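Open the structure in a viewer and keep the selection tool at hand. The stops below say what to select next and what is there.

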Amino acid sequence: MNTKNIILTCILGIILIHNSCEKREKNKHYPVNRAPLLPSKLVKLPLGAVKPEGWLRDQLIAQNHGLTGHLDEFWPDLINSAWKGGDGESWERGPYYLDGLVPLAYLLDDTRLLHKTRPWIEWILNSSQSGGWFGPDKNNDRWPLAVAMKVLTQYYEVTEDPRVIGVLKKYFTYLLDNPPDWPDSTWRGVRAMENAVTGYWLYRRTGDPDVLKVVKSIFDSSFDWTTHFIDFPWDTEALNKNEIPHNWKSDGLTAHVVNIAMAVKYPGLWYQQSKEERSKNAVYQGIANLDKHHGQVGGRFSGDEHVSGKRPTQGTEFCAIVEYMFSLEKLMEIFGDPAFGDRLELLAYNCLPGTMTPDCWAHQYDQQANQVLVSDAEREWSTNGNSSNIYGLMPNYPCCLANFHQGWPKFVEHMWMATHDQGIAAVTYGPCRMTAKVGDNVELNIIEETKYPFDGAVKLTLELSEPASFPIYLRIPRWSEGAKLAVDGKTIKTKPGTMAVIERKWQTADVIRLEFPMNIRTETRFNNSVSLLRGPLVFSLRIGKEYKRIKLKGRRIRSIDYMGSVDWEIRPATPWNYGLVLETENPEKHISVRKNRIGKLPFSDTGELVFLPNAKQYHPWTEEAPVVLEIKGKKIPEWKIKNNSADDPPPGPLRSNQKIERLELVPYGCSRLRITEFPLIDL
Ligand SMILES: [Zn+2]
């Protein structure tokens, strides 16, 4: 290939994509925002355009063999769900479950899972009434319908079943014909703008101006998150004065971790219609305020389950992780800012796997950065119950059990997006295969081979129905100073925190190679503690563990003996109270990196997936981690457990006459007990 054909631009991604939108036509292969909406910077590909490969596919298979693939067989709330005609639960649990089951089924092309989705989808489609309302008769709350609509849109993207458009149109007509009903004191009120996700999706396909009228009426008559994020009231001062409202009224709902994680995208969604810089600014200020006052390592913010500050033992509810991820996926689509991709990877590759067991049979309600004891005991949560950090079926409250399923499938769904100059953009990295229309109606496959996030090498091999000219955008993470990008053997310079773009004539068998430098870096955290990161991975102390099967009992908790369902208590079998011997400016001086293979899923002879706690298994998120950091540390005898959590890390650097010991750190996502925010030892 003639290198003169390579036109390479590498400037700030936002500006670059922004300019391309203004200069050129809109993407002509996929539904895009129509006037008067602003064009989104990137365009979502339909579900199924990106398929998982390698370890990422194994992760979805584990989910299939775990709770997502079996929960509907034994959880009464799903077995008898009114969302498929039963006489049971009629609110959010059925739609929540489907919001993950449907994309999982189509991403794996799994007949058994697809078969499971059908009775639900058919029942929901047939439930549409003449006035436009749909869903179970006994539900009169608009909130679960907002979730059910997200399910239908995903189903439509694969099947193009025209009934979906009919049901959605009728429901938006219902919303137009009936008075706004979004009180701040209700879930449907503080989450009202979730309807805009589907509203704009529908408007892209129908151009019906009534849909925009409905979204405006929802925005005007629901909680004002824009002002909330700009003048964020639940800051460190409010926390220190015990003024965070720990209630379920209108003020408490605005301090609720899941509501906030969902709402981060609301001003961004509305920006497309309002065109006000204030809407856009609210997204950035909201995230900055959450980081400043409640930020936790791994990109999350605390909320157990009201926002609860930066101490590394404060928890984050699982629902908030998957909802924050979905918000970032939508924000990436709207703004094209690679920073959202960076954060999305942090959550997906740390907080998401770290709060589940690798077999996907047990999850936590609240995860902690410094989590040295997993047990049914009182902790310093804001409002959560004693079982919240147990890895189990239904710890604390069942919402996460119903809602977590969307995390991995939607992450895969959004790894690549289309651009308005008929190109394609890599938003996040991982092993996958992408199929999309580019250029002048040319079919492009990209096979992405990589061990990312455990390794920095990414190989993209192109297959094209015919040679064609179009741009390929590649997110260059903020942390990847010196990332190498090579096309046709020619190395190209990159700039961290931007979207690099290569525009040229492509043909089958062209190869793009990316090499992200996996240097180790540090982050200063609570009480001058330090956390270690390598690429998108956060690292935690490997702690010996004693797993004990327990049965959670309580007012809202039921333990169900079924298949792989287990509640795990985990106690430390080795010391955890270490400080690190580390030069924060030059962390690699004291660290060596050891790599393990990423193995196949551990299936038994009878075809069951068998993960054993603490066994040497090479699935990415098991104890035998793909990457291990070896580092030196010293015990800090005075650092102890307080109120069933590790006490706050004593502010370092600390003098210590203890002996130097060799420590191992593993990815946060591989750890179920961990120290992630370490005191520093005075060198
Ligand atoms: Zn939850």
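Start by selecting glutamate 413, which is buried, with a relative accessible area of 4% (buried means under 20% relative accessible area, exposed over 50%, partly exposed in between, with a 1.4 Å probe and protein chains only). The model is predicted, so local features need pLDDT of at least 70 and side-chain atom pairs count only at pLDDT 80 or more, while totals for chains, interfaces and linings use all residues. Residues are numbered from 1 along each chain as its sequence is written, and side-chain values use heavy atoms, with hydrogens and water left out.

Lysine 44 belongs to strand S2 (residues 43-44) and glutamate 413 to helix H21 (residues 407-413), so the pair ties together parts that are 369 residues apart in sequence. Helices (H or I, at least four residues) and strands (E, at least two) are DSSP runs, numbered from the N terminus. Lysine 44 is also buried, at a relative accessible area of 13%.

Next, select aspartate 77 and arginine 93. Their side chains form a salt bridge of 2.5 Å, N to O. Aspartate 77 is in helix H4 (residues 76-79) and arginine 93 in helix H5, so this pair ties together parts 16 residues apart in sequence. Aspartate 77 is buried, with a relative accessible area of 12%, and arginine 93 is buried, with a relative accessible area of 12%.

For the last stop, select arginine 311 and aspartate 648, whose side chains meet in a salt bridge (2.9 Å, N to O). Arginine 311 is in the loop between helix H17 (277-294) and strand S4 (316-317), and aspartate 648 in the loop between strand S25 (645-646) and strand S26 (660-667), 337 residues apart. Aspartate 648 is partly exposed, at 21% relative accessibility.

Key
A salt bridge is a side-chain nitrogen of Lys or Arg within 4 Å of a carboxyl oxygen of Asp or Glu.
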